[in-house]
Every structure is written in structure tokens, then in C-alpha cells.
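Why does a residue or a helix get the label it gets? Let us take some labels apart, one at a time.

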Amino acid sequence: MYMEYVDDADYGEEPQPARRRSWRILGWVSIGLSVIMVATSLTAYAGYRKLNGNITHEDVDAAVGPRPKKLNKALNILLLGSDTRAGANAKYGRGLKNEAARADTTILLHLSPGGTGALGISFPRDLVVPRPSCKRKDGSRAPGSNAAMINEAFTYAGATCTIATIEAMTNIKIDHFAQVDFAGFKGIVNALGGVQICLPKDVDDREAKLHLKKGKQIVKGEDALAYVRARHGLGDGSDTSRIKRQQQFLGSVANKAMSGGVLANPIKLTSLLNAGTKSLTTDKGLTIGVMREIATSMQGMSAGKLRFVTVPYGAYAPDPNRVALAQPAANNFFAAIRSDREVKEEPKKSTSAPKVPASQVRVRVYNGTAVSGHAQRYADQLKAQGFQVVAVGTAPRAVTATQVRYGAGGDQQAATLVGVLTGASPTPQPRQGGTPAVVDLIIGPDLGPVKRKANSIPKLQGEIRANGNICKAT
């Protein structure tokens, strides 16, 4: 709620916060993930050059144009699943062979420095976003759109257009991309010896040619492909249900690749990489050597540190069959990803640290500067840190320095708020009257961005961990 700031004696109670068949194969991108995770020992094998030669490369920088600024050492790798019916994929077409391929699987893999964590961020196929004009491989340009389905970017101008679309939407610099197809998906699953899934009931889906019994089991080949592409007979048939099931499958793939003896077994490792790279397309910079370097830097990674989420989204009013980003949650989430920082050492515990957590601090944010929108921007940053923002407004007069004021019994809450402020170092001051235990932040020109804990990428509802219970989300 937006309201005007009032003087101390006038404080009152604050307001209370109130179409083409989808082949969304999240498992396809497991090859890109698996290659990154298991490439550490590649130089020990004679097949190094052969594997590097298997990969098809594209020049991203020449096609995408202006890019967001790189802020830190975290890596962002876009994983795409192409539904092309070319070559070995033709048998899945049934009349679709000549249609343009789409990327019905789009995941941004965010790797925090030093193996401290990895996050696979799914973008729903039906997400409506602005799409910039994109340069095609033949030099022509695909038109832009203010409201386009995100997976159409690939159809219009390939992987580089998807990269341009996501970078424009998130302001996150994408360092590399990896693209695979149906054949690549089957190859990686078979090379792993199959992947474990869990079904809540028997499945008899004639359309998907999927016939499986209830419970835990290993799937490979055509069964694995049918499992991740099925639209009926699994879940409630919604896009969100399918995304969650596919995230669970990819988590099982990564878990087996990292903990199933693949890393220490030269035969399994070589088979895995050979199967994967045959159907892999990347940017020119993502060579086998670079994959090895990434893997070396991620040696502390374990399946428990790999989680999967879906971008915050909600209904798209013009079309009930489409979805849109939920704001400000989506922008707060993208900002957290964008500003991920390396943790060099564990912070020392301070005996003077505030005892009240942010989640128990109620804050009213008022703009005491001439900069329009400042109060809402800081309110969003504080919400992202867990603070309860109960009012947002404008101070009755400009201030020359940031102020933090609190009511009766609010001294510890005020100290918690001051602990996340940068630029300014205000001394909390009690105020007379008003609502007790509510802290007021009056923004001055000296206030910098709200501090964010390193690697504190917020948890989203429904996230899945690679080493989690595979029967929980099916």
C-alpha cells in the first residue's frame, strides 16, 4: 500500500499487508548438465579431441549484440531442448519433419562460484515476454514483439534469439549455452544405465506409448523419452505439473551422474560423453576444455547443492492459456541471481548481532529524496531480505541523511534493519507516539542498495533438489 508519511505524533496503525503438441523434454538438457559435472578428468582419455570434434558450435556474441554487464564469477549456462525432427529425430515427427524447431525446454543453469551451489531455473513454455528483434544465421532479422511466447524465440532465430530474449528480460549475462535433441536425451539416459523414477499409480498412455507400473523403477530409451514428454496419464495434465515432473527427472539424472560411480569409471564416463556430445550444440566458447575448467572449479558440488525452480509467474489476463511473470517477485529473484557473490570464508558470529530476524521486523518505508519511486524500490529490496514492509510512502519533507526511527520496544528491530543498510549508517532513534514495534525507514540521498547475503538466492515454492525424494513430485 502507498501512503503519505506523517509526523511522530500522528502515527496510526499501519495497513495490513494483505498448437503444436508440447515435447517439453527437460531431460534433454541433462546432457549439458552432465557434461559440465563430469568433465574433470577428460584430459586423461585419448578420446578428448574426438569428443571436442563432436560438438557443433555457434557464434553467440556476433548475433546477440549488446549484452548485460558481468557482475561476478558466477556462471550462467542456458540449456535448451530442441524438438527438431531432423536426422535421427525424424521418427518422432509424424508430419512435423519440415516444421521449424522450437525450444520447448528452457533452463538457465546458475553455478555459484566454488561449487557452493547450482540452480536450474525453468521458464514455462507458455510464458509471455517481450522478444527483441533477432539476427538470423542468414543475416536477416526476425521481427520483435511486445508479447510473445518465450519458446517462439528459438523458432524465429535459434538459440541466440532465446539468449537475447532472456537477457533482456532478466538483465542476467548468459555466459554459455548448450542445446540437445531427442537423440541426445536417449543417449545420455542409456549411457547412465537408465534413470530411476517414481510413479504414484500405474500408467497406460497409448498416445505416448507409455506403459509402466506404480512405484520406483528404472527407465531408459523410449520409455524415458515417453515419460518426460507424456501429456496425459501423468499428473493433472497442466504445464506446471509437467515441469515439476521433468525437474524431478533431471534431478535424478544429475544425482546418478554425480554419485553413481560415473566419475570414477573411465568406461562409463567415456560412454556418457560420447553419447552426449554427438547431439550437442554450444557457443564457440564452451569447448570440452572449458567444460573441464568449469568442472574443476565446481569440485565441491554435490547433488544436494543442486536445486530446480520455476520462475515466479501468474495468470496472463489477455489469454487464460498463457502465463506472465509475477512481479515484483520475478524481478527480485532475477536480481538475486544477478548479484550472486563468492563466499571466501564463513562470516564470524558477532555477539552484538541483532537478535531479531528480518522476518519479525515490520517496516514502513518513506522517500525523503527527490528521486521518484525510491520508496518502492527499497521496499522491494527489503521484502527480498524477508522484512515485513507494511507501508510505502513519501516523507512530508526532504531529508539530508537517512533516518531509522522506532516505536516503543522496537530497538532490536531497528538494529536489524540498520544491519542491512549500505552507504548510510544511521543511528536508530526512538520516536514519540505512533505504532509500537514498527520501524520507519526515511530514505536520504546517502542510502545505498540493501545488503544481500552472499549466495542467498531466495527459495521458491515447489523447488526440487537433485538428491530429494523422487516420489515427492511426479
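The questions below concern a predicted model.

Q: Why is R245 called buried?
A: Buried means under 20% relative accessible area. R245 has a relative accessible area of 2%. The value falls under the cut-off, so R245 counts as buried.

Q: Where does R245 lie, and how far is it from V228?
A: R245 lies in helix α7, residues 239-259. In sequence, R245 and V228 are 17 residues apart. In space, their C-alpha atoms are 7.6 Å apart.

Q: What else describes the way α5 passes α6?
A: The crossing is right-handed.

Q: Which residues make the contact between α5 and α6?
A: From α5 come F182, F185, K186, V189 and N190. They meet G221, E222, A224, L225 and V228 in α6.

Q: What makes α5 mostly covered?
A: Count its residues. Eight of the 10 in α5 are buried. They are F182, G184, F185, K186, G187, I188, V189 and A191. Each of these has under 20% relative accessible area.

Q: What follows α5?
A: G193 follows α5. The phi of G193 is positive, near 80 degrees.

Q: Why is strand β19 called largely enclosed?
A: Strand β19 covers residues 362-367, and five of these six residues are buried. So the rest of the structure largely encloses β19.

Q: How do you know that β19 pairs with β20?
A: Pairing takes at least two bridges between the strands. Six bridges link β19 to strand β20, residues 388-394. That meets the cut-off, so the two strands pair. Their sense is parallel. Opposite N367 stands T394 in β20.

Q: How do you know that β19 also pairs with β23?
A: The rule again asks for at least two bridges. Six join β19 to strand β23, residues 438-443, so this is a pair too. These strands run parallel. Here the bridge partner of N367 is I443.

Q: What makes up the right-handed β-α-β unit?
A: Three elements make it: β19, helix α11 (residues 374-384) and β20.

Conventions. Residues numbered from 1 in each chain as written. Predicted model: local features only at pLDDT ≥ 70, side-chain atom pairs only at ≥ 80, totals over all residues. Heavy atoms only, no water. Buried < 20%, exposed > 50% of the residue type's maximum accessible area, 1.4 Å probe, protein only. Helix = DSSP H or I, 4+ residues; strand = E, 2+ residues; numbered from the N terminus. Right-handed = clockwise from strand over helix to strand, strands pointing away. Left-handed = near helix turned anticlockwise from the far one by under 90°. Contact = heavy atoms within 4.5 Å.
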